Amino acid sequence: MDRFVNSILPHVPSCPRTLIKSEVLAAAIAFCVESYIYQVDSEEEVLAGEDTITLTVPDNTDLVDVQVSIDKAGYTSYSRADNEITLDTPAGSDTTYRVTQFLAPAADATSLPDLLFVRWKEALVTKARAELMLMPEKKWFNPNLAQVNQAKYLHELGNAKMEARKPIGQARMRVKMRGW
């Protein structure tokens, strides 16, 4: 999380680096939970007559949600408890399910995935800045700039939500404001 500090520190003078890192982590968690942008796909084999899939969640992450589909034929009904998915109807034959895990960094994570730094750095930086600038009685307290940073974050969050939900191969979509 040191990679984010230099983008934030000039805007919140004399803020401790540990506080900045903690706000970046909180911003990353909120961003991933709200946008579903941090995804891991896997194919899980379920034998005939079985109805459970046990997921392996990557280290330093928490599972936010899952999506289960059958060989591009559509989504299937299931319930989930922690890392175990229970299908509503047992597999009639050996079946491969496509499972998409929607993840967020764990609350005790010491680093963030490259995806968040490379593609979504601006979102995390502006969210962390906004939260830091709203801390009363601090030298860097600035509610006006916090509002500007929050607006930038919400714009990036909207972009992430669109990107997270687009089918593979679809062009990136943008909303263009009319000029009247």
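Helix 2 and helix 5 cross in a right-handed sense, where right-handed means that the near helix is turned clockwise from the far one by less than a right angle, and left-handed that it is turned anticlockwise. The model is predicted, so local features need pLDDT of at least 70 and side-chain atom pairs count only at pLDDT 80 or more, while totals for chains, interfaces and linings use all residues. Residues are numbered from 1 along each chain as its sequence is written, and side-chain values use heavy atoms, without hydrogens and water.

| Helix pair | Angle | Axis distance |
|---|---|---|
| helix 2 (residues 17–35) and helix 5 (residues 143–165) | roughly 45° | within 9 Å |
| helix 4 (residues 121–133) and helix 5 | about 150° | 8 Å |

The angle of roughly 45° makes helix 2 oblique to helix 5. On the helix 2 side, the contact (heavy atoms within 4.5 Å) is made by Ala 30, Phe 31, Glu 34 and Ser 35. Helix 5 contributes Tyr 153, Glu 156, Leu 157, Ala 160, Lys 161, Ala 164 and Arg 165. These residues divide into six nonpolar, one polar and four charged.

Helix 4, at about 150° to helix 5, is roughly antiparallel to helix 5 (over 145 degrees). The crossing of helix 4 and helix 5 is left-handed. Residues of helix 4 in this contact include Ala 123, Thr 126, Arg 129 and Met 133; among those they meet in helix 5 are Pro 143, Leu 145, Asn 149 and Tyr 153. By class, the contact has seven nonpolar, three polar and five charged residues.

Terms used:
Axes are lines fitted to C-alpha atoms, for helices over the stretch in contact, and angles run from 0 to 180 degrees between N-to-C directions. Helices (H or I, at least four residues) and strands (E, at least two) are DSSP runs, numbered from the N terminus. Angles under 35 degrees count as roughly parallel, over 145 as roughly antiparallel, 65 to 115 as roughly perpendicular and the rest as oblique. Ala, Val, Leu, Ile, Met, Phe, Trp, Tyr, Cys and Pro count as nonpolar, Asp, Glu, Lys and Arg as charged, and the others, Gly among them, as polar.
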